[in-house]
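This briefing sets out selected local features of one protein chain, grouped by topic. Please read it alongside the sequence and the model.

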Amino acid sequence: MRHIVVIGAGQAGSSCVVKLRNGGFDGKITLIGAEPQPPYQRPPLSKAYLMGDMALERLYLRPLSFYAEQGIDLILDAHVDAIDTVNKQIAVNGGMLAYDDLVLATGSVPHRLPAAIGGDLDGVHVVRSLADVDAMAPRFVAGARVLIVGGGYIGLEAASVAAKLGLTVTLVEMASRILQRVAAPETSAFFRQLHKSHGVDLREGVGLGHLTGEGAVSGAVLTDGTELTVDFVIVGVGVAPAASLAEAAGIALDNGIAVDAQGRTNVPHVWAAGDCASFPYHGDRIRLESVPNAIDQSEVVAENLMGAEKDYVAKPWFWSDQYDVKLQIAGLNTGYDRVVTRGAAPGPVSFWYYQGEKLLAVDAANDPRGYMVGKRLIESGKSPSADLVADSEYDLKALLKA
């Protein structure tokens, strides 16, 4: 009986095995996870779950019983030590497990602060796993002083939860503005004002020098010499693809585990999907850290494991929840040379990215219509007139008929 082993029980790994079963694969399936919990949603960790608005069981993608009912061997709290691609087996939990096809859905790992600047002090947290959030949640009490390092979406989401719960929040971003790596100055300005209006002490162009404390963090010295007293620290300075296992096995890397359009690595019978994998996209190679990509790419891999020979065509979209604002993003803004703003806060507002006359992406804040229309336009290759987009009196839906 053919045996497909999936390493990584996150969104990508779970989606892959479910698609296999739903698609009629009747062989053996093993899903291996490093955490003790069954596959769960990660986005709510830094939002609803941290706020206390979502119970643990609601995080689970499916009940634990589902996997046994579907004949999926779920191995949790597991450690995979090595992949033997010659003999097609993996070393896991001290034993060897043979496979016919192997899918790597190992996700990504957060960057941590170096120990030399206090990164190993108690009270210094990252936001990635359920264990990470459970460890920091008891510290979210009104009046506590938290320093957030990094002004990307993870840092800003953590800041919004902390501010809503009454903590004293300082956020530092070494770059000249928050969201500099992923968004236009217009989007940065929108969220800067939003956070300041909620009392966040937001400092741009200022980094962390080092943390202080005996055993546990108690203070921070910033790069401008400012000294802060803090009760705990949240580090949100990006992630890296979890590719060390693949690298040790001789599987090619290129900003993650390199796969072709169908999800194959350079090693026969080894595939990859999700945050850990980079793939061809419009003549380039990209890696997307998002739930939609994890689901869609892993489902294509599952179909190809069953012989579909189908290329994965990414349709990037993302979201972020901060305070009462839902940001929805369609497309990729790489290479934009101008931004068109539609609407204005406190009402719906969206920022449309153009490269010349070509529409690349849309950032829509509390503007679901702008997001929906923008996404459909981008996916269909249509680029509306920037003047019409900027005219808030013009019916956006009419752009879809043009």
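In this predicted model, arginine 62 lies over the face of phenylalanine 66, 5.2 Å from the centre of the ring. A corresponding arrangement is formed by arginine 338 and tyrosine 354, where the arginine lies over the ring face at 5.0 Å from the ring centre.

**Aromatic pairs**

- The count of aromatic pairs comes to six.
- One of them is formed by phenylalanine 66 and tyrosine 67, whose ring centres are 5.3 Å apart. The planes of these two rings stand at 90°, over the 60 degrees required, so the pair is classed as edge-to-face.
- Phenylalanine 66 has a relative accessibility of 17% and therefore counts as buried, the limit being under 20%. Tyrosine 67 is likewise buried, with a relative accessible area of 1%.
- The rings of phenylalanine 279 and tyrosine 312 also form a pair, with centres 5.2 Å apart. Because their planes meet at 65°, this pair too is edge-to-face.
- The pair of phenylalanine 279 and tyrosine 312 links distant parts of the chain, the two residues being 33 residues apart. Phenylalanine 279 belongs to strand S20 (residues 277–281), whereas tyrosine 312 is in the loop between helix H9 (291–305) and strand S22 (317–322).
- Both partners are buried: phenylalanine 279 has a relative accessible area of 2%, and tyrosine 312 has one of 10%.

**The second largest pocket**

- The second largest pocket holds about 160 Å³ of space.
- Helix H7 (residues 185–197) gives the most to the lining of this pocket, with five residues. Among the lining residues are Ala189, Phe190, Gln193, Leu194 and Ser197.
- The lining also includes Asp324 and Val325, the run Ala345, Pro346 and Gly347, and the residues Ala365 and Asn366.
- By class, the lining consists of seven nonpolar, four polar and one charged residues.

**Cis peptide bond**

- Alanine 345 and proline 346 are joined by a cis peptide bond, with omega about 10°.
- Proline 346 is in the loop between strand S24 (338–343) and strand S25 (349–355). Ala345 and Pro346 are both among the residues that line the second largest pocket.

- Leucine 179 is not a glycine, yet its phi is positive, at about 60°. Leucine 179 lies in the loop between strand S11 (168–173) and H7.
- With a relative accessibility of 3%, leucine 179 counts as buried.
- Tyrosine 323, a residue other than glycine, also has a positive phi, near 55°. Its place is in the loop between S22 and strand S23 (325–331).
- Tyrosine 323 is buried, at a relative accessible area of 11%.

**Glutamate 393**

- Glutamate 393 is found in the segment after helix H11 (386–390).
- Its relative accessible area is 71%, so glutamate 393 is exposed, the limit being over 50%.
- Glutamate 393 and glycine 343 are 50 residues apart in sequence, and their C-alpha atoms are 9.4 Å apart in space.

Definitions and conventions: Residues are numbered from 1 along each chain as its sequence is written. This is a predicted model: local features need pLDDT of at least 70, side-chain atom pairs count only at pLDDT 80 or more; totals for chains, interfaces and linings use all residues. Side-chain values use heavy atoms; hydrogens and water are left out. Helices (H or I, at least four residues) and strands (E, at least two) are DSSP runs, numbered from the N terminus. Buried means under 20% relative accessible area, exposed over 50%, partly exposed in between (1.4 Å probe, protein chains only). On a 1 Å grid over the protein atoms alone, a cavity is a set of points where a 1.4 Å probe fits but cannot get out, and a pocket is an open set with protein on both sides within 12 Å along at least five of seven lines; lining residues have an atom within 4 Å of a point. Grid points are joined across faces, edges and corners, and a volume is the space filled by probe spheres set on the points. Ala, Val, Leu, Ile, Met, Phe, Trp, Tyr, Cys and Pro count as nonpolar, Asp, Glu, Lys and Arg as charged, and the others, Gly among them, as polar. Rings of Phe, Tyr and Trp (its six-membered ring) pair if their centres lie within 6.5 Å; planes under 30 degrees apart count as stacked, over 60 as edge-to-face and the rest as tilted. A charge sits over a ring if NZ of Lys or CZ of Arg is within 6 Å of the ring centre and within 35 degrees of the ring normal.
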